[in-house]
Amino acid sequence: MKVAIILALGVVLLFVLRLTKPQLQTAAEKLSILWFRLAFAFLILFILNIAGGFVGLYVPINIGSGFLLAVLGIPGLGSLLVLAVFL
């Protein structure tokens, strides 16, 4: 297992070293936007659980629902609410 992790990190490092400075800056910017959106998605899920608790609505807070909300935005929120109501 340790060998696989070291090998994966080595491959990622080789790809990073091949990038030019503008490509690296663009990749870092996109990664930081994704992390911000993910943190904001968890905040939205937390607020939704607090507000939904008054009417008996529970949306699980996990990495899958966080990424769904971070990537899809409002349609992702709608799909999470539909799943919470019907499942």
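Helices (H or I, at least four residues) and strands (E, at least two) are DSSP runs, numbered from the N terminus. Phenylalanine 46 is found in helix α2. The model is predicted, so to speak of local features takes pLDDT of at least 70, side-chain atom pairs count only at pLDDT 80 or more, and totals for chains, interfaces and linings use all residues. Residues are numbered from 1 along each chain as its sequence is written, and side-chain values use heavy atoms, with hydrogens and water left out.

Stay with phenylalanine 46. Its relative accessibility is 48%, so the residue counts as partly exposed. The scale is this: buried is under 20% relative accessible area, exposed is over 50%, and partly exposed lies in between (1.4 Å probe, protein chains only). Phenylalanine 46 lies 13 residues from valine 59 in sequence and 8.8 Å from valine 59 in space, C-alpha to C-alpha.

Now turn to the core. A nonpolar core is a set of buried Ala, Val, Leu, Ile, Met, Phe, Trp, Tyr and Cys residues joined through side-chain atoms within 4.5 Å. The largest one here has 8 residues: Leu38, Ala41, Leu45, Leu48, Val59, Leu69, Ala70 and Leu80. The most come from α2, which gives 4.

Leucine 45 is one of these core residues. Contact means heavy atoms within 4.5 Å. Beyond its neighbours within four places in sequence, leucine 45 contacts Val59, Pro60, Ile61, Ser65, Gly66, Leu69 and Leu80. Serine 65 sits in helix α3. Its relative accessible area is 5%, so serine 65 is buried. Not counting residues up to four places away in sequence, serine 65 touches Leu45, Pro60 and Leu80.

How do the helices α2 and α3 cross? Their axes come within 8 Å, at roughly 115°. That makes α2 roughly perpendicular to α3. Axes are lines fitted to C-alpha atoms, for helices over the stretch in contact, and angles run from 0 to 180 degrees between N-to-C directions. Angles under 35 degrees count as roughly parallel, over 145 as roughly antiparallel, 65 to 115 as roughly perpendicular and the rest as oblique.

Finally, look at α1. Valine 12 is in this helix, which covers residues 2-18. At 48% relative accessibility, valine 12 is partly exposed. Valine 12 and glycine 66 are 54 residues apart in sequence and 25 Å apart in space, C-alpha to C-alpha.
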